[in-house]
Amino acid sequence: MHYCRHCASALELPFIDLGHQPPSNAYLTHEQLDEAQCTYPLKVYTCTHCWLVQSPAHAAPNELFTEDYAYFSSMSQSCLTHARDYVTAMQARFGLDSGDLICEIASNDGYLLQYALADGMRILGVEPTAAAAQVARGKGIRTETRFFGTTPAAQLLDIYGPAALMPANNVLAHVPDINDFAAGFAVMLAPEGVATFEFPHLMSLLGGLQFDTIYHEHYSYLSLIAVTRILTQAGLRIFDVEELATHGGSLRVFACRERAAHETQPTVADFLRREEAAGLKSEVAYGTLQRAAETIKNDLLTFLIRESKAGRRVAGYGAAAKGNTLLNFSGVRRDLLSFVCDRAPLKQGRYLPGSHIPICSPEQLAKDHPDTVLILPWNIAAEVVQQQACVREWGGRFAVAVPEFRFL
Ligand SMILES: [Zn+2]
């Protein structure tokens with residue numbers, strides 16, 4: 001039996017079972033192809049008490065976020081634009097000045113803080129991945145290499161003082177001890193400080209059949225209903241919510257100390273009502289994803305097998321976690337998908353975990369002229385089609401598999 005990471009109730013309602021899979025960011029070297037690879041159950045439950053959708057922790061965080069964890073935020077232009085716009089918007093809305101501390105949690109390679117630094121703000125990044133933290137320091141961004149929670153927050157508060165703004169983008173879903181993590185913000189925020197949390201919205205996952213956003217490093221799948229409970233227990237109050245297009249549909253939640261002056265906006269109650277209307281406080285809504293994922297898998301396999309029989313070649317684009325969940329759940333191997341391109345130099349020359357499909361630079365497309373390029377991170381499909389326009393020159397097509405198989 002597993003228990004809810006927020007409220008400790010027994011987890012009895014299955015959400016989806018994607019079989020056993022290796023950690024999705026464990027990209028392999030050529031030598032590692034002949035070694036054993038650990039797999040863990042990728043099974044997600046819904047807590048029917050607090051409605052937090054979650055996978056029980058199987059791998060320790062330090063096993064998942066290793067030194068060479070190959071994800072760098074700055075690789076994506078849309079991510080950089082989003083970060084720059086965020087910094088500008090927060091400065092304007094909360095009247096931040098150069099003496100105010102912006103402390104970003106999960107600051108990665110400094111993709112966001114670089115804009116605050118350029119504006120002369122006091123900045124601090126907190127990032128558990130040594131390689132990403134090193135890149136950030138190279139840009140002059142002060143970075144502490146560590147996980148976040150109440151104990152680190154108290155230590156950071158001693159050294160750097162309270163924070164006026166604490167961005168935490170795409171990290172809330174990734175922390176095993178979500179209660180202690182959330183409570184850390186209440187420790188470090190200034191009395192009128194603001195924490196913002198961005199996370200993929202559970203309603204988008206369900207509506208867009210985005211089962212491939214499920215992977216081990218992703219412990220929680222968040223609704224505003226669940227996040228409200230978690231932040232309230234941590235001593236924070238949500239005073240505004242925005243909907244974002246990132247990651248297939250995300251929320252940005254603004255939180256402050258319970259008694260701070262920030263007025264709670266009507267958006268908060270509006271979003272909670274929308275989630276309730278979508279059934280997120282009843283068991284029914286949580287029981288549909290398994291069958292949908294199986295249909296997507298069958299349609300993808302039907303296409304790949306047909307192409308293989310006809311002697312046509314299919315390559316993948318984007319060696320991201322999403323692709324690994326889809327390919328490993330579907331049992332796709334190199335015979336059906338000859339290679340996957342990715343712009344990140346750290347991934348090139350390596351192999352996808354589980355499927356052992358080689359990762360090449362995007363230049364490989366022009367050498368190989370595949371008939372179809374299957375874009376695995378569907379959320380950046382438009383960007384990829386534009387960047388790799390050359391594929392059309394030899395009559396190649398682009399396709400995505402989620403929420404349904406289709407050509408672009
Ligand atoms: Zn719970």
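Colleague: Why is the crossing of α5 and α6 called right-handed?

Modeller: Because a crossing counts as right-handed if the near helix is turned clockwise from the far one by less than a right angle, and left-handed if anticlockwise; α5 and α6 cross the right-handed way. Keep in mind that this is a predicted model, where local features need pLDDT of at least 70, side-chain atom pairs count only at pLDDT 80 or more, and totals for chains, interfaces and linings use all residues. Numbering starts from 1 along each chain as its sequence is written, and side-chain values use heavy atoms, with hydrogens and water left out.

Colleague: What makes α5 roughly parallel to α6?

Modeller: The axes of α5 (residues 150-160) and α6 cross at roughly 20° and come within 7 Å. Roughly parallel means under 35 degrees, so α5 and α6 qualify. The axes are lines fitted to C-alpha atoms over the stretch in contact, with angles from 0 to 180 degrees between N-to-C directions. Helices here are DSSP runs (H or I, at least four residues), and strands are E runs of at least two, numbered from the N terminus.

Colleague: Which residues make that contact?

Modeller: T150, A153, A154, L156 and L157 of α5 meet D180, A183, G184, V187 and M188 of α6, contact being heavy atoms within 4.5 Å. They split into seven nonpolar, two polar and one charged. Nonpolar is Ala, Val, Leu, Ile, Met, Phe, Trp, Tyr, Cys and Pro; charged is Asp, Glu, Lys and Arg; the others, Gly among them, are polar. D180 is therefore the charged one.

Colleague: Why are α6 and α8 called oblique?

Modeller: α6 (residues 178-188) and α8 (residues 224-233) pack at about 60°, with axes 8 Å apart. Over 145 degrees would be roughly antiparallel, 65 to 115 roughly perpendicular, and the rest, once roughly parallel is set aside, is oblique; α6 and α8 therefore end up oblique. The contact uses I178, N179 and A182 of α6 with I230, L231 and Q233 of α8, and divides into four nonpolar, two polar and no charged.

Colleague: Where is the cis peptide bond?

Modeller: From V402 to P403, with omega near 5°. P403 lies in the loop between β16 (397-400) and β17 (406-407).

Colleague: What makes W51 worth a look?

Modeller: W51 has a positive phi of about 65° although it is not a glycine. You'll find W51 in the loop between β2 (40-46) and β3 (53-54).
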